[in-house]
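Subject: Structure for your files

Hello,

Here is the structure I promised to pass on.

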Amino acid sequence: MDNVLDLISRVIPIFLLLGLGYLIKISQFLTAKTIDDLKRIVVTFALPPALFITFLNVELDFNIFVFALIIFGFNTLAIFWGKFTGKHFSQDHPYFPFLIPGYEYGMLGLSLFAGAYGLENAGAIALADLGHEFFIWFLFVPLLMNTVTNKTSVKGVIGNFLKSPVIIGIIFGILFNLLGLKAFLYENWITASVMTTFDFLANLVVPLILIVIGYGIQLQKASFKELGIVLLTRLGFWMPIFLLLNYLIIPLFFPFGKMFTHALFTLFILPPPFILPVFMSKENKAEETYIHNMLTGYTLVSMVIFAIYFVFSQV
């Protein structure tokens, strides 16, 4: 019983920070513009150092990159699943197929996982997410842009990829790891100072992201039927894949360990990427409202699922 209470006590702070963000919103303590600026600070200056440290410290091998290709492949398959189900269950929403692939790792997954399992274990979900990051910038965003403008620029795709702070943090973390420069970064007094600064910034990620997400919660009376369709279609795709990977493919080919299982489950229950409204057309206000409602509703459901999974998986 004490063990269960201890586990619950590790999840409660996540919801308290979310509640704090929502309280800041309804009390108008901070404006939406201030929160947007805070979000930019997190994404630009806190999240990249956190990802750099994570990928610098994880153990990289050939298996990780093979698994990244698998995740890329399943996300690609999810697009076709979204198009197929959209034609049958959500014909009025042209952006429905983009609600099925991808996960909101940066602004939710990392903070949830690190908040519950500890920042020292964040490497597990970072490795699980690696293939997804390449999928987002090389397939998801180009297809999304093509839906809006009917054209995709290769130069624009590569530019978006290289300008993403998240990608920059990941790439340099992997590069310094593969070059064996971890010891140098922590032992040289100049670079050690930089790494200490990165540690300070990384520790801001979990509380600030959760506050920002809490602020963005919209308790509107959205269509529960539409949210139910998205939940069933998305979870109906990703949960069988989790079972396939966790109980067949990973045990046979990838000796990743139990923490990777928790990371993979967390990744697969996350809501669709929050960048979806950024690249979609602004002219269709009804569709924009629909996407925001789906992201909000799915986020709340995924956090509840995560909390339940965390408690029962540790008992």
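Setting aside neighbours up to four places away in sequence, Asp 129 makes contact with Tyr 103, Tyr 105 and Leu 267. Please keep in mind throughout that this is a predicted model. Asp 129 belongs to helix 5, which covers residues 122-149. What is the nearest side chain of opposite charge to Asp 129, and how far away is it? It is that of Arg 234, at 9.7 Å. Asp 129 is therefore buried without a salt bridge, since a bridge would need a side-chain nitrogen of Lys or Arg within 4 Å of its carboxyl oxygen.

Leu 267, one of the contacts of Asp 129, is among the buried residues of helix 11. That helix is mostly covered, with 10 of its 12 residues buried. The buried set runs through Phe 260, Thr 261, His 262, Ala 263, Leu 264, Phe 265, Thr 266, Leu 267, Phe 268 and Ile 269. The geometry of helix 11 (residues 258-269) agrees with expectation, because 12 residues at 1.5 Å each should span 16 Å and the end C-alpha atoms are 17 Å apart.

Pro 271 sits in the loop that links helix 11 to helix 12 (276-279). Its relative accessibility is 0%, so Pro 271 counts as buried. What does Pro 271 touch, if residues up to four places away in sequence are not counted? The partners are Gly 102, Tyr 103, Glu 104, Leu 108, Arg 234, Leu 295, Tyr 298, Thr 299 and Ser 302. Tyr 103 is also a contact of Asp 129. Along the chain, Pro 271 and Tyr 103 are 168 residues apart, yet their C-alpha atoms are separated by 5.7 Å.

**Salt bridges**

How many salt bridges does a search of the whole structure find? There are two. In one, Lys 33 pairs with Asp 37, with 3.3 Å between the closest N and O atoms. These two residues are four places apart in helix 2 (residues 32-57), about one turn of the helix. In the other, Asp 37 meets Arg 40 at an N to O distance of 3.2 Å. Asp 37 and Arg 40 are also both in helix 2, three residues apart, again about one turn.

As for exposure, Lys 33 has 58% relative accessibility and so counts as exposed. Arg 40 is exposed as well, with a relative accessible area of 58%. Asp 37 is at 27%, so it counts as partly exposed.

**Other surface features**

A nonpolar patch on the surface is formed by Ile 168, Ile 171, Phe 172, Leu 175 and Leu 179, which together have about 430 Å² of accessible area. Phe 172 is part of helix 7 (residues 165-178) and, with a relative accessible area of 43%, is partly exposed.

Lastly, Gln 28 has a positive phi, near 60°, though it is not a glycine. Most residues other than glycine have a negative phi. Gln 28 lies in the loop between helix 1 (2-26) and helix 2, and its 67% relative accessibility means that it counts as exposed.

Regards

Conventions:
Residues numbered from 1 in each chain as written. Predicted model: local features only at pLDDT ≥ 70, side-chain atom pairs only at ≥ 80, totals over all residues. Heavy atoms only, no water. Patch = residues over 30% accessible without salt bridge, like charges linked within 9 Å, V, L, I, M, F, W, Y side chains within 5 Å. Areas by Shrake-Rupley, 256 points an atom, 1.4 Å probe, with all protein chains shown as cover. Buried < 20%, exposed > 50% of the residue type's maximum accessible area, 1.4 Å probe, protein only. Lys, Arg positive; Asp, Glu negative; His and termini not counted. Contact = heavy atoms within 4.5 Å. Expected span 1.5 Å × (residues − 1).
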